[in-house]
Amino acid sequence: MKSSMIVSVAKAVTLVAGFTLAANAATAADRTLKIQTSSNASHASLAYLNEEWVPKLEAMTGGSLSVELLPVDAVVPRRETAEAIGVGILDGDLTSINYFAGIDPAFALMGDLIAGYDSADQIQAFCAQGGGKEMLQKLYDAHFPGVHVVGCGAYAREAFVSKVPVNGVADLKGLKIRSPEGLAADVFKRAGAAPVSMSGSETYGALEKGVIDAADNSAYANNDSNGMHKIAKFPIFPGIHSTPILQFTVSEMVWEELTDAEKAALETWYLAAYNGLRQYFDRLDRQLVARDKAAGELTVIDWPQAERDKFRVIAQEAWSDFAAQTDLAQEVYDAHVKFMKDAGLL
């Protein structure tokens, strides 16, 4: 076990005990799975799932199963959830696949085919019907044995927050942009920007202090609830860059302990919850954009299709280079391209 993970384990034991007590007090379910997410505690997405969908899982299973959705870094650092699942600190995660891009570039391509898909709905179709879920399981079997993939999907294209107007590809040149590392950063760099890697929780302070000029950062509604638009007055919507794919995994041991009915309920619950989340955010994002345009305090920028196409061409070069790095990365790339061609996206 890595030394950093040993430290995380030691710190997590007390936290887990506290979370477990809280969960037992809050729910009557026979079993509550501790699931760490990639959402900040203030994110509208986490509130929506907790309020609208967590109670439904308990109802679907007749009270035998529930989940406790914990914010990012609540128990272990965001990149260590897979290891924490393996040693029983967490029962599972609902988090960004991109966090594991440093393990294998296949995770980067699986986690976000930058500037590839036009909508979260297309990504959900790739995961559920286009072999995406099965491909992700293959990555876990290779790198984190003992982790079971329940599903994967996306709920929103990330909006772009900026302190300066960015009206097309040319305006990215020299811009200091918060970006996930790996493929995401590579695409921005190819477009002439200066990517800066940092957690989403650090983005507000970095924008406020001028460390960065802009950020590829979460859904429009999440940025609104986090106060990003108070300091970044030129958001791009719909986003131009990231539509991150999130995974829902549990430990193989936990999965095997569930009844067949509970397994089916958990898979169905996830698909329904993420479909609901996608629809909720699409509606909420557009309502907030309309409100902000009417108020006139923000300049909401929508790139013309010609600029989006230019950016996709740049991104495609990065996809191909990342795919060439490992056999699994090539498999992920091929799976994406096949689905996108079938869907008429390429």
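Helix α11 gives the most to the lining of the second largest pocket, with five residues. Keep in mind that this is a predicted model, where local features need pLDDT of at least 70, side-chain atom pairs count only at pLDDT 80 or more, and totals for chains, interfaces and linings use all residues. Residues are numbered from 1 along each chain as its sequence is written, and side-chain values use heavy atoms, with hydrogens and water left out.

Let's stay with that pocket. Its volume is about 250 Å³. It has 15 lining residues, and those closest to its centre are Ser-119, Ala-120, Arg-157, Asp-282 and Arg-286. Helices (H or I, at least four residues) and strands (E, at least two) are DSSP runs, numbered from the N terminus. By class, the lining splits into six nonpolar, two polar and seven charged residues. Here Ala, Val, Leu, Ile, Met, Phe, Trp, Tyr, Cys and Pro are nonpolar, Asp, Glu, Lys and Arg are charged, and the others, Gly among them, are polar.

As for what a pocket is: on a 1 Å grid over the protein atoms alone, it is an open set of points where a 1.4 Å probe fits, with protein on both sides within 12 Å along at least five of seven lines, and lining residues have an atom within 4 Å of a point. Grid points are joined across faces, edges and corners, and the volume is the space filled by probe spheres set on the points.

Now for the largest pocket, which holds about 720 Å³ of space. Its lining has 39 residues, with Ser-38, Ser-96, Tyr-99, Glu-158 and Arg-178 nearest the centre. That lining divides into 15 nonpolar, 15 polar and nine charged residues.

Next up is helix α7 (residues 183-190), whose buried residues are Leu-183, Ala-184, Ala-185, Val-187 and Phe-188. Buried means under 20% relative accessible area, exposed over 50%, and partly exposed in between (1.4 Å probe, protein chains only). Gly-192, which follows α7, has a positive phi near 100°.

Most residues other than glycine have a negative phi, and most peptide bonds are trans. Asp-73, not a glycine, has a positive phi of about 65°; it is found in the loop between β2 (65-70) and α3 (81-86) and is partly exposed at 34% relative accessible area. Ala-115 also has a positive phi, about 60°, and lies in the loop between α4 and α5, but Ala-115 is buried, at 5% relative accessibility. Finally, a cis peptide bond joins Phe-237 and Pro-238, with omega about -10°.
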